Amino acid sequence: MLPRLIGMVHLAALPGAPEYRGRFDELVAAAVRDSETLQTAGFDGLMIENYGDVPFFAERVPAITVSAITAAVQAIADAVDIPFGVNVLRNDGEAALSIAAVTGASYIRVNVLSGSMQTDQGLITGKAAELARLRRSLGLEVGILADVFVKHAVPPSGLTIEQAAADTWERGLADALIVSGAGTGEEPDAGDLRRVHVAVPEAHLLVGSGARAENVTKLLETASGVIAGTALKQGNVPTARVDPYKARAFVEAAS
């Protein structure tokens, strides 16, 4: 069973990234505090990602990034009692799955699991076959949460969101589908959300961006759960600290 309310933990720029400012221990401590704040507020899951590592690699990230994310995720795992997941931006699902294998993460997020998307990192092609086989070879029961028409990207001409959703679910073997808005913090199109739900009614459907206390009840009429980040932060800035009052208000609105 996947969590219904997943709170985002945005890691600051990690060692090796252009905007890394040193003080790795402080960076990890901040991520742990955000995780604890989300758990205290009532979120039943977390998603941890290397949000500060801009500009992102399209696919495979360097070893130093994998090492740094693993250290941060393990620190969070030691501090909270709720399920957590990993997203290695922009699309290194193999690294995310490997991190999950050693930290006990329950799920990973993969921005492009099936097909391809034209992104700000260039063309990204899914690696569903490789991920499915790696998960099996490692003997893991880690869920794969896959975006459909991921944000900050454009789909191939002629591909419908219904077909992309069906392919990702049925042929990519995703365990949940994610529908987001056009960019970080932007609400998904209500029509897109409904179309994915109708196309794959049996899928666990998550809203991947734009959920707020003001709209979460409406979103949950169609979706099974939400991944929330920007709306929980101080000043609605993704790189800011989680605001405990906003986090609690979000959970209360979704109850």
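Which helix and which strands each supply at least two residues of the lining of the largest pocket? They are strand 1 (5-10), strand 11 (225-228) and helix 8 (244-254).

## Basis

This is a predicted model, in which local features need pLDDT of at least 70 and side-chain atom pairs count only at pLDDT 80 or more, while totals for chains, interfaces and linings use all residues. Residues are numbered from 1 along each chain as its sequence is written, and side-chain values use heavy atoms, with hydrogens and water left out.

## Overall fold

The chain has eight helices and 11 strands, taken as DSSP runs numbered from the N terminus (helices H or I, at least four residues; strands E, at least two). Its C-alpha atoms fill a box of roughly 45 × 40 × 35 Å along the principal axes.

Of the contacts (heavy atoms within 4.5 Å) with a separation of 6 or more, 69% join residues 24 or more positions apart.

## Largest pocket

A pocket is an open set of points on a 1 Å grid over the protein atoms alone, where a 1.4 Å probe fits, with protein on both sides within 12 Å along at least five of seven lines; lining residues have an atom within 4 Å of a point. The largest pocket holds about 580 Å³, a volume being the space filled by probe spheres set on the points, which are joined across faces, edges and corners.

Its lining has 35 residues, with His10, Lys151, Thr184, Gly185 and Thr230 nearest the centre. Helix 8 gives the most, three residues. By class the lining has 13 nonpolar, 13 polar and nine charged residues (nonpolar: Ala, Val, Leu, Ile, Met, Phe, Trp, Tyr, Cys and Pro; charged: Asp, Glu, Lys and Arg; polar: the others, Gly among them).

## Second largest pocket

The second largest pocket has a volume of about 340 Å³. Of its 18 lining residues, Leu11, Ala12, Leu27, Ala30 and Thr239 lie nearest its centre. Helix 1 (residues 24-41) contributes the largest share, five residues.

## Nonpolar cores

Buried residues (under 20% relative accessible area, 1.4 Å probe, protein chains only) make up 54% of the chain. A nonpolar core joins buried Ala, Val, Leu, Ile, Met, Phe, Trp, Tyr and Cys residues through side-chain atoms within 4.5 Å. In the largest, of 68 residues, Phe43, Leu177 and Phe250 touch the most other members. Another core, apart from it, has 10 residues, among them Ile6, Met47, Ala176 and Leu206.

Terms used:
Buried means under 20% relative accessible area, exposed over 50%, partly exposed in between (1.4 Å probe, protein chains only).
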